[in-house]
Amino acid sequence: MKAPKIVRKLSPRRIFGTKSKQQKDTTPQKAEEAPVVIKPDTPIVIKPNLAERSWRGFLQPLENVACSRTVGDSGSLASIDESMEEQTSSERKRFLAANNGNESKAMEQLQGYLQARNEHQGTQCQLERLYENLITEHGQDYYDWMVASEAAKQAHNVAQDTPLPRIVRVHTMDNGKEACDLDGHRVLHFLPAQLDKSICSLKTYTLAIFLYLDRKLGRDSEEQVTILMDLRAGAGWANPKVFNIMPFIEDTCQLMLSKFPERMHRAIIYPLPYALTCVLRGIVRNVLDTTTSKKLAILSGAAWVDSPLPKQQLLKYVDETVATICEDARLNDFKN
């Protein structure tokens, strides 16, 4: 007999461990079965009750369940509705905080994130095996970007073999630790002037950034990061006009809000010509809430290839070593 389609609709209280009004339950209960107690901080999974040949979802602690995913013949994972769903305690806290305690909205947003990440896991698994030599040759961060960007290209059927330019990265210091701001938050360094739309659309770049960030940010962590977005042009880059980079900034802000809520400690955008400051602030008002918009810092200045780093302004947020590492990385990406 063909199994009926799985339907999993959970009440917010089951996802986030909150209580709702008691409702009369007319379903007969088995005397020998003890109730299952789910603590708010216990990660949960949803799976079909095969023993009773029923496809109603039920909850049980994640540590009691083996979390395995099956890759199909095509190499892609099953959709989130056909695979084990899981949320970590840290994710539930972040999504709930981002929605001001509204469980229904938090659950909908969290499930959207899970569906988006699971959709591309199979492709990334294949690419990890293909690119594993890059870790030794170029380092972990380069490897993570290559896996994420190639998975995005395959998802959007990009025909070109040209790799996507590395528009985001983290930096490793001489002591082996990753570069952080003055508050101890890891730095994500963006170079959007490398955006080359002759390779693919902005939509593909946004997906690549999502997959990259998902690889860099631990799901069991409540880590926040600081974004350094350097708008200056570079030698041999595509160099779209700063005004044309605005949609990318907007997409990045929306991505952080929708898929990585409560992850952004601060976003520093520099150097921005004064004439475009009002344009960016208008975007911020439309995309970000009041609390998040206060985390945005705009440093003024020219954005040509030979424009200097607004160092004195930047040193309010990072030390000189981090500023130098970011500048050196930009210069090293120049093409003759």
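Predicted model: local features only at pLDDT ≥ 70, side-chain atom pairs only at ≥ 80, totals over all residues.
Residues are numbered from 1 along each chain as its sequence is written, and side-chain values use heavy atoms, leaving out hydrogens and water.

Back to the two helices (DSSP runs of H or I, at least four residues, numbered from the N terminus). Their axes, lines fitted to C-alpha atoms over the stretch in contact, come within 8 Å and cross at roughly 140°. Helix 6 and helix 7 are therefore oblique to each other, since that word covers whatever is left once angles under 35 degrees (roughly parallel), over 145 (roughly antiparallel) and 65 to 115 (roughly perpendicular) are taken out.

Now look at Lys216, which sits in helix 7. Is Lys216 buried or exposed? Lys216 counts as buried, at 12% relative accessibility, because the cut-off for buried is under 20% relative accessible area, with a 1.4 Å probe and protein chains only. Its side chain makes a polar contact of 3.1 Å with that of Asp141 (a pair of N or O atoms within 3.5 Å, one able to donate a hydrogen and the other to accept it). Leaving aside neighbours within four places in sequence, Lys216 is in contact (heavy atoms within 4.5 Å) with Asp141, Asp144, Val170 and Arg186.

Notes:
Buried < 20%, exposed > 50% of the residue type's maximum accessible area, 1.4 Å probe, protein only. Axes fitted to C-alpha atoms, helices over the stretch in contact; angles between N-to-C directions.
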